[in-house]
Amino acid sequence: MQQCNACHGIYAPTLPDGTLYFHVCPPLSVLELKAALANNTLTLNASAKAAYDAAVAADVAHPPAANAVSQVDALLSTLIVARQNARNENVTRQQPDPAHPAILSEGAGMTTLPPAAAPPAATLT
Ligand SMILES: [Zn+2]
């Protein structure tokens, strides 16, 4: 198994049926977007900022019910924000060496994980 150093996703480079898997980091999740906005590591463009401010005001004016999605969450779920140092293992056959495809973006890299320990044997009681 391998772990992406950017998104921390864990994946097998080869699937059980032998198909190769090429990891691509997903965009930031709603929780990651909220954290980035809270610590000022993400700046929204003018239209997204206006929509975000309106969603915050709507949630203040009409707080969402316990199981309802807030206006802010609904808005953030529509944003597609790539994470910094995103990894894209899809290959390109373009230069410098078409005979040896390279991945599109190394990003923050990946870590090869040690083999997983065998799951504990089931115990019948
Ligand atoms: Zn990733």
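## Overall shape

The model is predicted. The chain has 125 residues, and its radius of gyration is 20 Å. A compact globule of that length would come out near 14 Å. Along the principal axes, the C-alpha trace spans about 60 × 55 × 25 Å.

L15 and A50 are 35 residues apart in sequence, and 43 Å separate their C-alpha atoms.

## Secondary structure

The chain contains three helices and five strands. Their order along the sequence is β-β-α-α-α-β-β-β. Helix α1 runs over 30-38 and helix α2 over 46-61. Helix α3 takes in residues 71-76.

## The open sheet

Which strands form the open sheet, and in what order? Three of them do, arranged β2-β1-β5. The pairing is antiparallel. β2 and β5 (110-112) stand at the edges, and each has a single partner strand. One side of β2 and one side of β5 therefore have no neighbour in the sheet.

Strand β1 spans 2-4, and strand β2 spans 10-11. Two bridges link β1 and β2 in the antiparallel sense. Q3 has I10, in β2, as its bridge partner. In general, the strands of a sheet pair through backbone hydrogen bonds, either parallel or antiparallel.

## The nonpolar core

Which residues make up the largest nonpolar core? There are five: L28, L33, V72, L75 and L76. Helix α3 gives the largest share of this core, with three residues.

L33 belongs to this core. Leaving aside residues up to four places away in sequence, L33 touches L28, L42, L76, L79 and V81. Of these contacts, L28 and L76 are also named in the core.

## Residues in loops

H8 sits in the loop between β1 and β2. Its phi is near 70 degrees, a positive value in a residue other than glycine. Is H8 buried or exposed? H8 is exposed, because 10 other C-beta atoms lie within 10 Å and the exposed class takes in counts of 12 or fewer.

N40 also has positive phi, near 60 degrees, and is likewise not glycine. N40 lies in the loop between α1 and α2. With 7 other C-beta atoms within 10 Å, N40 is exposed.

L15 is found in the loop between β2 and α1. Why does L15 count as exposed? L15 has 10 C-beta neighbours inside 10 Å, so it falls under the cut-off of 12 or fewer.

Key
Residues numbered from 1 in each chain as written. Predicted model: local features only at pLDDT ≥ 70, side-chain atom pairs only at ≥ 80, totals over all residues. Helix = DSSP H or I, 4+ residues; strand = E, 2+ residues; numbered from the N terminus. Buried ≥ 20, exposed ≤ 12 C-beta atoms within 10 Å, placed from the backbone. Pairing = 2+ DSSP bridges. Core = buried A, V, L, I, M, F, W, Y, C linked by C-beta atoms within 7 Å. Contact = placed C-beta atoms within 7 Å. Rg over C-alpha atoms; globule rule 2.2 N^0.38 Å.
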